[in-house]
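Subject: Handover of a structure and the findings from it

Dear colleague,

Please find below the structure that I am handing over to you. The findings follow directly after it, and I would ask you to read them with the model open.

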Amino acid sequence: MPRVSDEHLAARRQQILDAARRCFLRDGFHRTSMQDVIAEAGLSVGAVYRYFPSKNDLITAIAQSVVGGADQVFAGLTATDPPLPLVEALDRALTYVDGQAGPDGILPLALQVWSEAQRDPALAEFVRATYDRLRGHFAVLAARARETGELPPDADPEAVGAALFGLIPGYFTQKILTGAPDRATYLAGIHTLLRP
């Protein structure tokens, strides 16, 4: 029997994840069954269970995809030289968020992941570790802003980073739930708050 290529295995796994994402966006985690995902993917039961033995495994994989892109974007913000002003860094972060907050984006799933993390200890640990890492990027931004004089010398980068990071889910939660504010309005508010 010929060996299946790694590319084929990766494509099949992605096919299942895409089907699960469509189901979760349409019906939510709790109203979606593994049978729904199997039907949406157009695969056999065995093919789906080979990659994802349970719905929780699918949810965790979806959660990883939700934060993977954000992690790359936020890490990139800390690597610019010279350091970005904080409002510009937040503008770039929110630009990414805007691209993911619509009905077909990945961020509506973040709200479901947060909810499910309250019930699933393994997912809760994943969310905690992920958010610690994401918050860390904003602590680096704050430390760099302190070095450039944008923040006062006694500013605590961890505290400022936590506050800055909190602005991101605050923005996309409002966008998803109410459709507002737009990025320009939100950034104008942030600019006012950060003004010395």
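Glu88 and Arg92 both belong to helix α5, where four residues, about one turn of the helix, separate them. Helices here are DSSP runs of H or I with at least four residues, strands are runs of E with at least two, and both are numbered from the N terminus. The two side chains form a salt bridge, with their closest N and O atoms 3.0 Å apart. A salt bridge is counted when a side-chain nitrogen of Lys or Arg lies within 4 Å of a carboxyl oxygen of Asp or Glu. In general, side chains of opposite charge can pair when their charged atoms come close.

Please note that this is a predicted model, in which local features need pLDDT of at least 70 and side-chain atom pairs count only at pLDDT 80 or more, while totals for chains, interfaces and linings use all residues. Residues are numbered from 1 along each chain as its sequence is written, and side-chain values use heavy atoms, with hydrogens and water left out.

The classes are buried for under 20% relative accessible area, exposed for over 50%, and partly exposed in between, using a 1.4 Å probe and protein chains only.

By the rule above, the count comes to twelve salt bridges. One of them joins Asp98 to Arg183, with the closest N and O atoms 2.8 Å apart. This pair links distant parts of the chain, since Asp98 is in helix α5 and Arg183 is in helix α9 (residues 183-194), 85 residues apart. Asp98 has a relative accessible area of 26% and is therefore partly exposed; Arg183, at 27%, is partly exposed too.

In helix α7 (residues 121-148), Asp132 and Arg135 lie three residues apart, about one turn of the helix. Their side chains meet in a salt bridge of 2.4 Å, N to O.

Leaving out residues up to four places away in sequence, Thr80 touches Arg92 and Arg144; contact means heavy atoms within 4.5 Å. Thr80 sits in the loop between α4 (55-77) and α5 (86-100). Its relative accessible area is 17%, so Thr80 is buried. A polar atom of the Thr80 side chain lies 3.4 Å from the backbone oxygen of Pro82.

The next topic is the nonpolar core, a set of buried Ala, Val, Leu, Ile, Met, Phe, Trp, Tyr and Cys residues joined through side-chain atoms within 4.5 Å. Which members of the largest core touch the most other members? Of its 60 residues, these are Leu58, Phe74, Phe138 and Ile168. Helix α4 supplies the largest share of this core, ten residues. The core lies between domain 1 (1-53) and domain 2 (56-194) because both give residues to it; the domain bounds come from an automatic or database assignment. Beyond its neighbours within four places in sequence, Phe74 is in contact with Ala93, Leu134, His137, Phe138, Phe165 and Ile168.

Finally, an unreviewed UniProt entry lists residues 33-52 as "DNA-binding region". Such annotations may be inferred rather than shown by experiment. In the model, this span is 75% helix and 0% strand, and its end C-alpha atoms lie 13 Å apart.

Yours sincerely

Note on methods:
Polar contact = N/O pair within 3.5 Å; in protein donor to acceptor, adjacent residues only side chain to side chain.
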